[in-house]
Amino acid sequence: MKLIEALEIARRPVAESASKVRAFLACGFTPLHLQTFITGHLRALQEETRVEFSVGLFGDLCGSLERLDPSIVDLLVVVIEWSDIDPRLGLRTLGGWRPSDMVGILESAQTAVARLEQALTKAAGQIPATVVCMPSLPLPPMFSTRPLQAGLVEAELQHTVAGLAASASRLPGVRMLSAQRLAEASPPSDRYDVKSDVTTGFPYTLRHASVMGELLAELIRNRPPMKGLITDLDDTLWAGIVGEDGVEEISWHLDRKTQMHGVYQQFVASLAGAGILIGVASKNDASVVARAFERKDLLLSARDVFPIETHWSRKSESVRRILKTWNVGADSVVFVDDSPMEVAEVKAEFPAMECVVFPKDDNQGMLDLLKHLRDVFGKPSVTGDDKLRLDSIRSASAWRQDSIKSAGSFSEDALLRAAEGSLVFSLAREGDARSFELVNKTNQFNLNGKRFSEFEWRRTASNPAAFVLSVSYKDKYGPLGTIAVVVGAANGHTVEVSAWVMSCRAFSRRIEFHCLQYIFDRFAASEIVLDLQATDRNGVIVEFLDQLLDEPAEPNPRLAKASFLKKAPELPHQIEEVSVCEQR
Amino acid sequence: MNNDDDRLMNCFLTIFPGTTRDEIKGSKFEDLPGWDSLRGVTLLAVLDDEFGVQMDMDELLELGTFDAIERQFARAR
């Protein structure tokens, strides 16, 4: 993006209804065009967001962070340069570069890093989102070694700054810009504009400022990851055609020149470990595929994959069944197959799905594909629920099959009792990452379809009466993880619920009744006021409330405890644990 | 106005929002509404980015007006 474009985009009018983000750009140099580029790129990504930046004092990054009032900031952008670590590491301050000065520079760098770490820790605990860019400019020619030799002082400085990056990465809500990604997009030798630095205090070339602004804007936007990958097997997950070559002849190894298929396997396994759903769509004989998955040297376990669709029907049929099992939309899934024809067939059936031809004879192409997949599936952190996701879908599938088999033989009450379900209620002032994700992706059992920005979500705690209730469930089929979230506020004997979602995997287990029962009991409430808004997809919750309310559900219905108790069925699950904690 | 002149005018209109073409053509930079050193530095960066012309603030102020810059660019073409 050129500077003039960034200026034009940044100055476009924003709708009054646009959500406002109060941002603080903390840097020790004049923010000038970097601020313009971040704003321009953010507006280009999120047209309907109004980001209003304030900035700190020139030359005092640590002080700007220490003085920051976190209650008036939704987003903190921290851009650190070497001159913030010690002014002598920039060209605007003349403090001496004699070898005898180096010990003092190192000591002052360690002090500055400790201050920055402390200030970041304090800010990250109170500001919804923080993005950080570590020094991106070259160190000046100050060391006694030749530029090609990294001497002890340079190595110690790099080590000190790397320590800050590692400790800041552990902080909640902090996202660190990848130095590797920045170097790919902005070569280090083209970043520094010495004339601009010396004359205006802005040290970046326009190109570097634009790239950094673009990447920081991406990091701020924090795009939700795609949910599932559907992969082919032959000449994709492994090299060879298992039905023709045999289970022992398929390969993914250096000596067979098929190593990149092994790399793909370990990559897919890493996605599975991070909670990305992995399914298989393969035209094959199911028993042959099952034997292939028994090979001990396969890097992707059969447990990482569900479901495995192996038959001779169209691939799009397999994809349809997998989407139904996962209950996710085509637009959040990537399909990978080595056959351009199969890819075209699936794409024709699911235009919203990203369908990719696996570049089986092209090592660089495969590496590029993995980088792309990392970009679409990457997430800021992996939660406990991520690790449970596939097991949870398996459990829900097993439950559905048992329910169908036993229909007519057992009553619903008996079936639910036999499931040996238990619920864990966790009540907090502020919801965790999984609750945030569930609220923002659930459509069917969703009180009003309201979506939260990261900033709004972490600000729910600012109301002293507010609570976020997250509910996890397990039964004899296995754990489903966190399956329901209620956001509300307790005022006397009335509880106002502003958001309530439940995963469709948890339907038909009366968990919704348990949620209401818990709220009535926990808050000694006599009524619950629900911010119900009908959407085009939440018929299931409207119908549920219709059963409970004396009048048909309409906006903001009030549910009295007496009425609830009269109409609630037997509640079958054990309440295993109730944790009530204050977060952060 | 040729295409480059239009681009130049567009740079000024973007950096000094709310001003008209006539105001820009008829005024010294320092008299344009919103002029300050920050706008000056932004103008210099935009001229570099758009036209590859590098000037410092003293040169810009010496030229003084949009018309003078326009003439200088025409001579350089």
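# A tour from chain A to chain B

α2(A) and α9(A) are oblique to each other, and this pair of helices is our first stop. Keep in mind along the way that you are looking at a predicted model.

**Stop 1: two helices of chain A**

Select residues 32-45 of chain A for α2, then residues 206-221 of chain A for α9. Their axes come within 8 Å and cross at roughly 45°. Look along the pair and you will find a right-handed crossing. To see where the helices meet, show side chains. On α2(A), pick residues including A:Phe37, A:Ile38, A:His41 and A:Leu45. Facing them on α9(A) are, among others, A:Met212, A:Gly213, A:Leu216 and A:Ile220. Colour this contact by residue type and the count comes to 11 nonpolar, five polar and two charged.

**Stop 2**

Most residues other than glycine have a negative phi, and most peptide bonds are trans.

Start with A:Asp235, in the loop between β6 (228-231) and α10 (242-245) of chain A. Phi of A:Asp235 is near 60°, a positive value, and the residue is not a glycine.

Move on to A:Asn327, which sits in the loop between α13 (315-326) and β9 (333-337) of chain A. A:Asn327 also has a positive phi, about 55°, although it is not a glycine. A:Asn327 counts as partly exposed too, with 13 C-beta neighbours inside 10 Å.

The peptide bond that joins A:Phe306 and A:Pro307 is cis, with omega about -5°. You will find A:Pro307 in the loop between α12 (286-293) and β8 (308-311) of chain A.

**Stop 2: chain B as a whole**

How many helices and strands does chain B have? There are five helices and zero strands, in the order α-α-α-α-α along the sequence. The radius of gyration of chain B is 11 Å, close to the 11 Å that the globule rule gives for 77 residues, so chain B is as compact as a globular protein of that length. Its C-alpha atoms fill a box of roughly 30 × 25 × 20 Å along the principal axes. Colour by burial, and buried residues make up 22% of the 77 residues in chain B.

**Stop 3: where the chains touch**

Bring chain A back. The contact takes 11 residues from chain A and 10 residues from chain B. On the chain B side, α1 (3-15) and α3 (37-51) each supply at least two residues. Which helix of chain B gives the most? That is α3(B), with five residues. The chain B side divides into six nonpolar, one polar and three charged residues.

**Stop 4: α1 and α3 of chain B**

Stay with these two helices. α1(B) and α3(B) pack at an angle of about 150°, with axes 10 Å apart. α1(B) is therefore roughly antiparallel to α3(B). The crossing of α1(B) past α3(B) is right-handed. Select B:Arg7, B:Cys11 and B:Ile15 in α1(B), and you will see them meet residues of α3(B) including B:Leu43, B:Val46 and B:Glu50.

Note on methods: Residues are numbered from 1 along each chain as its sequence is written. Chains are lettered from A and ligands numbered from 1 in the order in which they are written. This is a predicted model: local features need pLDDT of at least 70, side-chain atom pairs count only at pLDDT 80 or more; totals for chains, interfaces and linings use all residues. Two residues are in contact if their C-beta atoms, placed from the backbone, lie within 7 Å. Helices (H or I, at least four residues) and strands (E, at least two) are DSSP runs, numbered from the N terminus. Ala, Val, Leu, Ile, Met, Phe, Trp, Tyr, Cys and Pro count as nonpolar, Asp, Glu, Lys and Arg as charged, and the others, Gly among them, as polar. Axes are lines fitted to C-alpha atoms, for helices over the stretch in contact, and angles run from 0 to 180 degrees between N-to-C directions. Angles under 35 degrees count as roughly parallel, over 145 as roughly antiparallel, 65 to 115 as roughly perpendicular and the rest as oblique. A crossing is left-handed if the near helix is turned anticlockwise from the far one by less than a right angle, and right-handed if clockwise. The radius of gyration is taken over C-alpha atoms; the globule rule is 2.2 Å times the number of residues to the power 0.38. A residue is buried if 20 or more other C-beta atoms lie within 10 Å of its own, exposed if 12 or fewer, and partly exposed in between; C-beta atoms are placed from the backbone.
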